[in-house]
Amino acid sequence: MKPLLPAARDMSIRHWGVVLGLVAVTLGSAEVAQANDENVTTSHGYSYFGNLDYPADYPHLNYVNPDAPKGGEMSLAASGTFDSLNPYSRKGRSGALTTIQYDRLFESADDSVGQYYGVLAESLEYDEGRNYVIFNLRPEAMFWDGTPVTAEDVVYSHRLFIEQGLPSYAQAVGRMVTGAEALDDHTVRFTFNPEVTRRSLIETVGSTPVFSKAWFEADESRRLDEPRLEVAVGSGPYKLDSYDINRRIVYKRRDDYWGKDLPFNVGRNNFDTIRVEYFADQTAAFEGFKAGEYTMRIESDPKLWATSYDFPKLTEGSVVRDEIMDGSPPTPSGFVFNLGKPQFADKNVRKALALAFNFEWANESLLFGLNSPRNSFVQGTPLEAQGAPAGPELAFLETLGDVVPADFISEDVVVAHESNPARLNDRRNLRKASKMLDEAGWPVGEGNVRRNTEGQTLKVNIPYPSNLPTSTATMIETYVQNLQALGVDASAEKVDPAQYTLRSRERDYDMVYSTRYGSFLSTGGGLSQMYGSEEAAFSLFNPAGLASPLVDAIIEASFETDNQADQDAALMALDRSLRYEFFVIPVGYIADYWTAYYDMYEYPENLPPYSLGHLDLWWINPEKEADLKAKGALR
């Protein structure tokens, strides 16, 4: 897993590179040439273990419809606001889908783990020790202003992210890469630090978006770390067409897109336009969908899914309600403790506060029983830790020495507590929590509020954005009610999305409901950004500020594994350690994609397991579209 770049995650074409699938460690049909005298591999793609499912002459990805018609529009909703069209700045609130305008040297396939195939690069070369990689660019690659994409643009983009990029990414990649050099107009070489792991090196530099150097240098005010409404010149399949602040963004497919006939792009990027309509909150967004203001919706609110999809356009067949399998492990969402707050330094305090959350009641009363319970950071996969460590996982842990606590080895993995679904305040759990807080030095004092020996209250403030789904907001509010019943100085604070974004970045909270953490089925630098100590103080992907020597040791050791079995054992131990540290109170998850769309969209039979692909794999049936227009169902 490569280091993470910021993006409009809820609207991105792909998952953000963390959610990957499992593959066998076989060479398959990949065509990889190796020069034995120099031990240099030359290939059309890359994977760490050398397995590529697609040969050099592959015609298209297996999960696309190569004959998908082009045309029409995909329109979606976003809630909240935006004040920038620069997705890579820490400041401001970026508009949705801005990243689709930029190509990369290679892209990952959505039907495998960590397999990358050339886009801007037609081939790459690397030595056996992965001390360097050379990318050979396609000479036909062009930016949308008609200028060629050159090796100098690649080098400049890399340095831009190091000098002005997200701090956690810049720090991680700055340690990895010691040199970036344009050997000629179409050849770029990256040299890697010999003292760092070989993991994520080639994946990271190959996946960096490429910008036009000339565009940035034409105006010194153009920076990667500043919000702006001017869009940097890219080479991707879509280009910004228009925008109206806080109302809509429209992207138009480029007729002159240089890469439209690449094997990786055959059957993809099928819509003429992609439009994003902005709404104040989820309620307004749903009403907009019913009215036809946009045509595709991915539902996240169980209450709406269970009770509100009975409007006329659906019952008459103009709108389709479709549950589509999601093969990815669920996002490790939940209530995240800010570990920088002194009241949460004691793990037993965190465990006591967790007992006040009643998932079973919330699922039955707020979520209509549609959520599944979650324990693991890799829920439902072969990497999910079970019971006490055994077999390869235990053997792996035994290599780590004294950093592994004795109880970590001897006790079963941490699982979420169970609560009585019949009542919000499960008295048994609240009594247990009360005793634990008393023992931890937080007895009930003046005003029936828990205080420590210095008279400070046990404070838990949970801000949340006003555009959060109603059922999630109510879950937060009811959790706060149970905390208050325990004598905790607890409050939920509803704030506007812009203020919430700022507070999240500055960690101005005691606890936060978060979807920032990612699951993992591969190892690499992204794990350190989310769960490692070195970037813990400032990483946007680590909202708890987790800094654990145990977790660090496991992540570092996972980098050194050289086969799938050993890597899996390390990642199972990582799942166990993250649950052991107890910094997230897990909530449930939706097992499938809940989609609703106007009945003109179609998608391939064999959608990839790790992506819905609604932006780049789906297409419009023109006859169905015409029928909807004739009936007046579309605006």
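In helix H16, Leu 550, Val 551, Ile 554, Ile 555 and Ser 558 meet Ala 570, Ala 573, Leu 574, Ser 577, Leu 578, Tyr 580 and Glu 581 of helix H17 (contact means heavy atoms within 4.5 Å; helices are DSSP runs of H or I with at least four residues, strands are runs of E with at least two, and both are numbered from the N terminus). By class, this contact has 9 nonpolar, 2 polar and 1 charged residues (Ala, Val, Leu, Ile, Met, Phe, Trp, Tyr, Cys and Pro count as nonpolar, Asp, Glu, Lys and Arg as charged, and the others, Gly among them, as polar). The model is predicted: local features need pLDDT of at least 70 and side-chain atom pairs pLDDT 80 or more, while totals for chains, interfaces and linings use all residues. Residues are numbered from 1 along each chain as its sequence is written, and side-chain values use heavy atoms, without hydrogens and water.

The axes of H16 (residues 549-559) and H17 (residues 564-581) come within 9 Å and cross at roughly 165 degrees (axes are lines fitted to C-alpha atoms, for helices over the stretch in contact, with angles from 0 to 180 degrees between N-to-C directions). H16 is therefore roughly antiparallel to H17 (an angle over 145 degrees).

Now to the strands. Strand E16 (residues 334-337) pairs with E20 over 3 bridges, and Phe 335 stands opposite Ile 585 in E20.

Methods. Parallel < 35°, antiparallel > 145°, perpendicular 65-115°, else oblique. Pairing = 2+ DSSP bridges.
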